[in-house]
Amino acid sequence: MHYSETWDLDSIFPGGLASPALKSKLTTLKQQLHDTQTTLTNWRAEADTPAFDWFQQLTQDLQRLEAGLLQSQVFVVAVQSADASNTQAGALLNQLYQLDNQRENLMTQFKKKLVALPQATFAKIVEQPELKPIAFNLTEMRKQGLALLDDQTEALINNLAIDGFQGWSDHYDTLVNQIKVSYTDEQGTKQTLSAGQAQNMLAAAMPNQQRADLMHNWEQAWQQQAAPMADTLNHLAGFRLQDYKAHGTSDFLRRPLDLNRLSKDTLTTMYQVVADSQSLLLDYLKRKVTLMGKTQLDWQDVEAPLTLSDAPQTQTYDQAADFVISNFAAFSPKMAKLAKYAFDHRWIEAENRPNKRPGGYMESLPETKESRIFMTFTGSPNDTATLAHELGHAFHSDVIKDLPLWRQDYAMNVAETASTFAELIVADANVKTAKDTKTKLDLLDAKMQNPLAMFLDIRARFLFETSFYEARQDHIVTPTELSDLMLNAQKTAYGNALTTYHPMFWASKLHFYIADTPFYNFPYTFGYLFSLGIYAQAKQQPDFEDRYIALLRDTANMSTEDLAKKHLGVDLTKPAFWQAGVALIKRDIDEFMALSAPLL
């Protein structure tokens, strides 16, 4: 079957950024903000008993307002992602940020009203049948309200954040659009690549020297923008640290942990197991680089595809789509049905063309109860895995779309569970399709990209960000110091096993510059290992689909530790659960080592 490689945005707001429907939506949102402010200001708990109908309406209005803003933001960001040269998108996003800022101010007032309630009154509120589904969320908000400053100060911080926090994050996108990377193909033809094109090419098949040259040019391209990139990162982090300080904490990990509903004990245990597993991954990499015909392991080799087989391991977009759908069906017919619907209804932007931003993502559209997926498909096994990954996110959103919006606000760490689970399905299926040893080794290597990233690369990001925030509390961190911190983090995470590294990774990685998600790294490792545990159970339990959906529906309804205890029966603060995931990785590595030994 033929599927479009470009997405449908007109069904959201017809006519692009000039859409009359989008303009009308902005007008409606402004009115909703005004009306909700009036309702919130006038609400009194003592006049709302015994059913708290007024409070119920208030929670619905706040969620409806949030949904409308999210719907609009997803649309504008989608337009900007597909055409990074579109300058109108930035201005529209700024308007939406201003409106969302007003909503945040409303939420500050709402949380403070929750704090002011006597415990007995609050207990009665969350026991109301219409409010029970969001009882956990309301309790969480009440706790957050305890740390809030006065309304005027909170409003001032939120207002300043548009230019002082979100502004720096947006500035990063502007800088990335200026990155140009020189590249010479096998025929000697010189090209100039965008950041997104170069990033995709580094993960594609090519001769070792050609990849090394491209990596050198990639590093140099970011080095040329080192000063403005360092300014951007420093000011973004500086604003964040001042915000933390104003709210009474100097622990820069407190907010990321709270956002992920995760305890520090769980994070510490997980990373100890990851560190203990380093040699396992490094042994694999040493074998891989030998099979690549090299005597040294360089940064660009880690993500480089192994190409032992003469048969190209590529798929067309249509083939990849059918492969994902059919293999989803083996585990969950509902996953397969959602994936097919997404392809048929053009939820996915996958075309390989210039002027697209790098990377991939899935965003939910809460009003139309759909999703949109952004990526660039080049035909590699990794691209098929990315497609599955983002569809896993979309499935997660789909199975909770009937819940109140606040019950859909799952944390990033559990968000990565559904996506990584979907990716595991396709990676395993890829390996099983191999018809000979060399092809199987190539596909095992493609599957190994996930644990390599989660255990080595993302650990390096976590180590870097931790050391950067420690330094940033004291001073502005220079470009040279940033590169030194990154180099040290990479050497630690990779056990000094590489000959060359990527010191400018602090500039080339978008995740360090996302305003609303600090420490956009450890949740990936968590999600990967958590999904391994779910995947192991999926292969053994006939009622897996229903149990899996039940877990996903609870992801914004309890702490991460409680979620694991309820649905998996495990204690995340103990190493046993994490070690079980490592055992599954070791099984793949053992198979790779055994199959490759005769080729040495």
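Predicted model: local features only at pLDDT ≥ 70, side-chain atom pairs only at ≥ 80, totals over all residues.
1. Aromatic pairs. The model holds 38 aromatic pairs. One of them joins F421 and F544. Their ring centres lie 5.4 Å apart, with 35 degrees between the planes. The pair is tilted, because only planes under 30 degrees apart count as stacked and those over 60 as edge-to-face.

2. Where that pair sits. F421 belongs to helix 18, residues 412–432. F544 belongs to helix 23, residues 544–553.

3. An aromatic cluster. Ring pairs also tie a set of residues into a cluster. Its members are F252, Y271, W299, F462, F464, F468, Y469, Y494, F505, F512, F519 and F522.

4. A charge over a ring. Look at R142 and F122 together. R142 lies over the face of F122, at 4.6 Å from the ring centre.

5. The second largest pocket. This pocket holds about 490 Å³ of space. It is lined by 28 residues. Closest to the pocket centre are A203, A204, A205, T314 and S380.

6. What builds the pocket lining. Four elements each supply at least two lining residues: strand 2 (190–194), helix 8 (195–202), helix 17 (381–399) and helix 19 (437–472). Helix 19 gives the largest share, 5 residues.

Methods
Residues numbered from 1 in each chain as written. Heavy atoms only, no water. Phe/Tyr/Trp six-rings, centres within 6.5 Å; stacked < 30°, edge-to-face > 60°. Lys NZ or Arg CZ within 6 Å of the ring centre and 35° of its normal. 1 Å grid on protein atoms, 1.4 Å probe; cavity = no way out; pocket = protein on both sides within 12 Å on 5 of 7 lines; lining within 4 Å. Points joined across faces, edges and corners; volume = space filled by probe spheres on them.
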